Amino acid sequence: MLRIGQTVADVSLKTTVGEFGVHEYFKDSWGLLVCYVADFSAVCTDELSQLVKDFHECESRGIKILAMSCDSINSHAKWIEDIKKMSGLKHEEEFPFPIVSDRNRMISLYLNVLDAKCLDEDGIPLPCRAAFVLAPDMTIQLIHFYPQNIGRNFDEIFRTIDALQLTFKFSNDLHTPCGWKPVTDCLISSKIPKDEIEKKFPLTTIIELPSGKDYMRIVSKIEVNRKYEK
C-alpha cells in the first residue's frame, strides 16, 4: 500500500495525448493525479468540469494534472466533449490535461484505489474518487479518497497544496494549524530547539500550557509571508 512520503513508481501511462512515464510527465513539478469512477457519469463529469474551470488555480501553483479511469482512450475522447460543454470550454479549444486509460487496472491496483462496492457491468471493481499530490521529488504528499457517490472539494485540495508548498519552503520547520489559509498564522515545529526559534522566526509567541511543555509556538503570518517571499 502506498504511503505519504513514498516515491511513486515511474509507471508507463496510456493517455489521451500519447504514452509517457509518470516521472517524465511530472518532472520537477508538483503533481495532482485524480482518479475517478467512470466516463459518462454525472458526478465524474461535474468534477472534471470543475477541474477544467479551476485549471488556472493549478497553473498559478505550478501543478500538473493527470486524470485517470479504467475507460478506453476512445471513450475518454468522446467524453471530453461533454466535459467541454459543461465547463464552458469551446469545442475547438484544447483540453487542458491528459486522461489516463487504465484498462487492465494495473495502475489502479498499484495505487490501491479500487472500490470493492463499486462494480462495472461485469462485476469488476472500479476506482473510487482518489487524489494524490506529488512533490517535485516524486514523493506522495497527500492521499485523498472519496466514495463513488460523493463529489470532491477541489478547494480543499488546493488549500492543502498551498500548505505543502509553504512548509516545503521552510524545510518542514513550519506547520499549518487546523483550517489554515494563506492569511492565517502558522505553528513552529516542536523539533526546533527553543533557543533557535527567535533566530529563525522572531515574531513567535510561545503559549504557556498547564503541562509546562512549550510545543504551542505560533508565528505571525506577517513573519511567514515576509520570509516566504524572499
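This is a predicted model: local features need pLDDT of at least 70, side-chain atom pairs count only at pLDDT 80 or more; totals for chains, interfaces and linings use all residues.
W30 belongs to strand 3, residues 30-35, and strand 4 covers residues 63-69, the two strands running parallel and being joined by 6 bridges. Strand 3 also pairs with strand 8, residues 129-134, this time in the antiparallel sense and over 5 bridges, and in that pairing C35 stands opposite A130.

How buried is strand 3? Of its 6 residues, 6 are buried, so the strand is largely enclosed by the rest of the structure. Both of its faces are covered, with W30, L32 and V34 buried on one side and G31, L33 and C35 buried on the other.

Let me turn to the aromatic residues, where the count comes to 7 pairs. One of them is F20 with Y25, a stacked pair whose ring centres are 5.1 Å apart and whose planes make an angle of 15 degrees. F20 has a relative accessibility of 12% and therefore counts as buried, and Y25, at 16%, counts as buried too, because the cut-off is under 20%. Another pair is Y36 with W79, which is tilted, with 4.9 Å from centre to centre and 35 degrees between the planes. This pair links distant parts of the chain, since Y36 sits in the loop between strand 3 and helix 2 (42-53) while W79 sits in helix 4, residues 73-87, and the two are 43 residues apart. Y36 is buried, with a relative accessible area of 0%, and W79, for which the relative accessibility is 0%, counts as buried.

Going back to the F20 and Y25 pair, these two residues form one aromatic cluster together with F26. Y25 has a charged neighbour as well, in that K64 lies over the face of the Y25 ring, at 5.5 Å from the ring centre.

Next, helix 6, which runs over residues 154-169. With 16 residues, helix 6 reaches 23 Å from its first C-alpha to its last, close to the 22 Å expected at 1.5 Å a residue. What caps the N-terminal end of this helix? The cap is N153, from which a side-chain oxygen lies 2.9 Å from the backbone nitrogen of D155. Just after the helix, S171 adopts a positive phi, of about 55 degrees.

As for burial along helix 6, the buried residues include F154, I157, F158, I161, L164 and L166, and among them are also the polar T160, D162, Q165 and T167.

To close where I began, strand 3 has parallel strand 4 as one partner and antiparallel strand 8 as another, and 6 of its 6 residues are buried.

Terms used: Residues are numbered from 1 along each chain as its sequence is written. Side-chain values use heavy atoms; hydrogens and water are left out. Buried means under 20% relative accessible area, exposed over 50%, partly exposed in between (1.4 Å probe, protein chains only). Helices (H or I, at least four residues) and strands (E, at least two) are DSSP runs, numbered from the N terminus. Two strands pair if DSSP finds at least two bridges between them. The expected span of a helix is 1.5 Å times one less than its number of residues. A polar contact is a pair of N or O atoms within 3.5 Å; within protein, one must be able to donate a hydrogen and the other to accept it, and residues adjacent in sequence count only if both atoms are side-chain atoms. Rings of Phe, Tyr and Trp (its six-membered ring) pair if their centres lie within 6.5 Å; planes under 30 degrees apart count as stacked, over 60 as edge-to-face and the rest as tilted. A charge sits over a ring if NZ of Lys or CZ of Arg is within 6 Å of the ring centre and within 35 degrees of the ring normal.
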